[in-house]
Amino acid sequence: MTRVFALIAAVSLLGCQQAPADAQLTDNERDEVREIVREYIISNPEIIEEALIELQRRARDRELRNFYTSIEDNHDAIYADARDARIGPEDADIVIVEFVDYKCSYCRVASEWVDSVTERYGDRVQIIFKEYPVLGADSIEAARAALAALRQGTEVYRAFHHEMITASGPLPSGRIDSLAQMAGVDVARMREDMQEPEIMAQIGQVRSLGQVMGISGTPFFIVDGRVIPGANELGLEQALQAALAG
């Protein structure tokens, strides 16, 4: 066994620095080490799973570091775009940003938590909605409709947003109009405003922002600066409570 450790140690040295001449392995010794390692892995296959788990953990850590760097680099585009829909006061203690797609079923799940935040904490929290349609033409049309409705007032937008985000299934033009009417939107005006190039430009800019940040899906939350991808209600609530506690 001592010889085994000596051989493996010599291999390790070769990997990180030039070993002295007497530490060089012969071809037979290299083959012996390879066979020892192979037999060990076969006898202990769980180490492969452990290695994969560690690789995934490191990949997640890199992804999170990249997100936080992107938030810092794109702070104004995330937080200071006056065109975005905002629920809550400008001087709120906590700011939550959500990148949302109206066709996303996980956004529908997360909307329950978002609604509960405004009900529980009122003026302490501001929520910024970034229209981020990534699921096709219907998603883009729904985002255009939402931004057009926002021109009729924040409360109109909020009601329309709720109707669309909680609606399951496809969102063809007729259904978007029906949901808008239910929310009190002036549908004719909404349709007219949807044609404004500024609205499509805003959607394009948010999509570019998301791509730069590496946001591959929705919902994507930033809770008081903390990244929470997906409809992770436990993670969202923990982040919120930590922020509220200061």
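Q: What covers the buried residues of H9?
A: In this predicted model, the cover over the buried residues of H9 includes helix H6 (137-150), helix H7 (154-165), helix H8 (173-182) and helix H10 (197-213).

Q: Which residues of H9 are the buried ones?
A: Helix H9 spans residues 187-194, and its buried residues are Met 190, Asp 193 and Met 194. They lie on the same side of H9, because the arc they cover around the axis is only 105 degrees.

Q: Why would residues three or four places apart point the same way?
A: An α-helix has 3.6 residues a turn, so residues at that spacing point the same way.

Q: And which residues are exposed on the other side of H9?
A: Ala 188 and Glu 192 are exposed there.

Q: What does the side chain of Asp 186 reach at the start of H9?
A: One of the side-chain oxygens of Asp 186 comes to within 3.3 Å of the backbone nitrogen of Ala 188.

Q: Back to Met 190: which residues have the most contacts inside the largest nonpolar core?
A: Met 190 is one of them, together with Ile 96, Phe 160, Phe 221 and Leu 240. That core has 47 residues, and H6 gives the most to it, with eight residues.

Q: Which residues is Ile 96 in contact with, leaving aside neighbours within four places in sequence?
A: Ile 96 is in contact with Trp 113, Val 117, Val 125, Gln 126, Ile 127, Ile 128, Phe 221, Ile 222, Val 223 and Leu 240.

Q: How many residues are in the other core?
A: The other core has 16 residues and lies apart from the largest one; among its members are Phe 67, Phe 99, Tyr 132 and Ile 215.

Q: New topic: do S4 and S5 pair in the parallel or the antiparallel sense?
A: Strand S4 (residues 220-223) and strand S5 (residues 226-229) pair in the antiparallel sense, over four bridges. Ile 222 stands opposite Val 227 in S5. The two strands form a hairpin with two residues between them.

Q: What is the phi of Asp 224 in that turn?
A: Phi of Asp 224 is about 55 degrees, a positive value in a residue other than glycine. Most residues other than glycine have a negative phi.

Q: How does Asp 224 count in terms of accessibility, and why?
A: Asp 224 counts as partly exposed because its relative accessibility is 42%, which lies between the limits of 20% for buried and 50% for exposed.

Q: Where is the cis peptide bond?
A: The cis bond joins Thr 218 and Pro 219, with omega about -5 degrees. Pro 219 is in the loop between H10 and S4.

Conventions
Residues numbered from 1 in each chain as written. Predicted model: local features only at pLDDT ≥ 70, side-chain atom pairs only at ≥ 80, totals over all residues. Heavy atoms only, no water. Buried < 20%, exposed > 50% of the residue type's maximum accessible area, 1.4 Å probe, protein only. Arc of directions from axis to C-beta. Contact = heavy atoms within 4.5 Å. Polar contact = N/O pair within 3.5 Å; in protein donor to acceptor, adjacent residues only side chain to side chain. Pairing = 2+ DSSP bridges. Core = buried A, V, L, I, M, F, W, Y, C linked by side-chain atoms within 4.5 Å.
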